[in-house]
Amino acid sequence: MSADHVSLVDVNNFYVACERAFDYSLRNRPVVVLSNNDGCVVARSQEAKDLGIPTGEPFFKIQRYMDSHNLAVRSSNYELYGDMSARVMELLGRFGTWHEVYSIDESFVGLEGNLEQVRSTAAQIRAAIDKTIGVPVCVGVSSTKTLAKLANHIAKHNPGLGGVCVQQLMDPEVLGSIMNRVPVTDVWGVGRKTGAKLAAMGIETIADLQAADPLAIRKKFSVVLQRTVFELNGQRCIGPVEERADRGQVMFTRSFSTPVRTYEAMEEVMSIYAQKAASRLASEGRYASLLTVTAGTSRFARGEASFPSAQVRLPRPTRDPILLSKLAIAAMRDLMQPGMDYVRGGVILSGLSDTPGEQQLDLFGQNVDPAAQEQENVSSVVQDISLRFGAKSIGLGHAGLARSPEWSMKREHISQRYTTDWDELLVVRA
Amino acid sequence: MAEDQELMPPGATQGPVQAVSAMGFPSPARDYFDGGLDLNRLLVRDRVSTFIMRVSGHAMQSAGIFDGDEVIVDRSLSVRHGSVVIVNLNGQMLVRRWQIDGQQVGLLSDESPLPVILAEGDEVSVFGVITRCLHHVR
């Protein structure tokens, strides 16, 4: 009788792995990838971790390592990471009985068979991704998602396992000592705050949480943490996961490379971000009922600060880029103070649903407002084109500019978009 | 390119040709039109493992690969004797023909009649096998 197992597959140091897949000079040396606008470190190679560079470290603080330790620095190349992620996810889908994408570099995959067969499938997954896509993954297998996460953690921190860990096949003594040693905050879903509260109750390690009374945990914390306790004991009770980038909202917020001061420049920002968010909704087949706009001056700037933010309840669930862009511009215009140096801005769409709002129809089933109908048609054409030819192929007004406006992201250390842009292919010597 | 564009009537595009009937008489071919020839179906065996690179240099012309061409690389294929591959040799990305002679592996190009035999200490890593070359005829 074959059993169903849960595996968690994730790419090791994903952003760095994508860079290294094409640029061999980045191998065997410390590499970091910087956040939007080259602000701070968001991803590190193992060598960079060994240097003691923490995540979130501002770029200027690590610049000295570029000379002293041959540290390589890259700006975030989202086009590349997105494409590589899609490849990994598609390949994983071919191996599993089911597949849930959890984040850009992590997936839960259902595997069938006895434990030995599952171990061999896990090893095959790892080898296939390494060969055909060129990035290293670790695979953790167990009976529940929480334990699969733990098994993955063990695979990652024990190179001797070859990147694969099937929890049930582990030596019980070794497993026990890990459970008794690893802090409870390393368990999936246990944050720092919960961890502190647990510690106060004497629950410090994974083994402690596993042995905790589920009812007491539910009373003191939540049903969510109670489920974690059940899952640590092999009882599957966490259903399909939503993608971690919060499926509840679509967000476009970025830092600008040069401050935005005028109404006109801010309109440009809002218009472009609203359209990007709308096109993301279209690709996911969803509609928003709430629009939020935000902007902010630098936290480090002297003098007056301004952090305008407004929410607009939409007349009906929509993903119409024209409507969203108009509303975002209007809302921000009311709030911003021209002359201030805004360094951030964003558009967030939330209250998402899978169906559009009811349109008002007249007796003959015609749209009441012909102008609204026309707008709907233009919007869907814009959406179709940007889905088919990419986000930069078409846009309304400001977003139609082929050249990026000057406030757009600073990416001074970006690698080529090897897989998404014909002008940036890797050049090979013949 | 510029002269190509001059030859095209204004507003014409170079997309797949589709039968359009302005009158009420429907084209008898309409029900059979399925989107035309999709080059992806011909050129890309598996999207997951396919990468495209641009060639610079003249040393692989005997394999039909010329300066400025794009090559389609499939990482999932195994390298055999005679495969034309993208290989990283000591830090440089090269297009070469893979030669196996007993225990020895060599990289062949038009630069010399004999393959460059890989020696101990060489850092060699095959990126993938080239399946197609998109040659620019003009």
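A: The model is predicted: local features need pLDDT of at least 70 and side-chain atom pairs pLDDT 80 or more, whereas totals for chains, interfaces and linings use all residues. Side-chain values use heavy atoms, without hydrogens and water, residues are numbered from 1 along each chain as its sequence is written, and chains are lettered from A and ligands numbered from 1 in the order of writing.

In terms of contact (heavy atoms within 4.5 Å), 26 residues of chain A meet 29 residues of chain B. The two chains share 4 salt bridges, each a side-chain nitrogen of Lys or Arg within 4 Å of a carboxyl oxygen of Asp or Glu. Arg429(A) forms a salt bridge with Glu111(B), with the closest N and O atoms 3.8 Å apart.

Helix 1 (14-22), helix 5 (78-95), helix 6 (115-132) and strand 13 (426-429) of chain A each supply at least two residues of the side that touches chain B; helices (H or I, at least four residues) and strands (E, at least two) are DSSP runs, numbered from the N terminus. Helix 5 of chain A gives the most, with 7 residues.

Strand 13 of chain A also pairs in the parallel sense with strand 1 (residues 50-56) of chain B over 4 bridges, where pairing requires that DSSP finds at least two bridges between two strands. Leu426(A) stands opposite Met53(B) in strand 1 of chain B.
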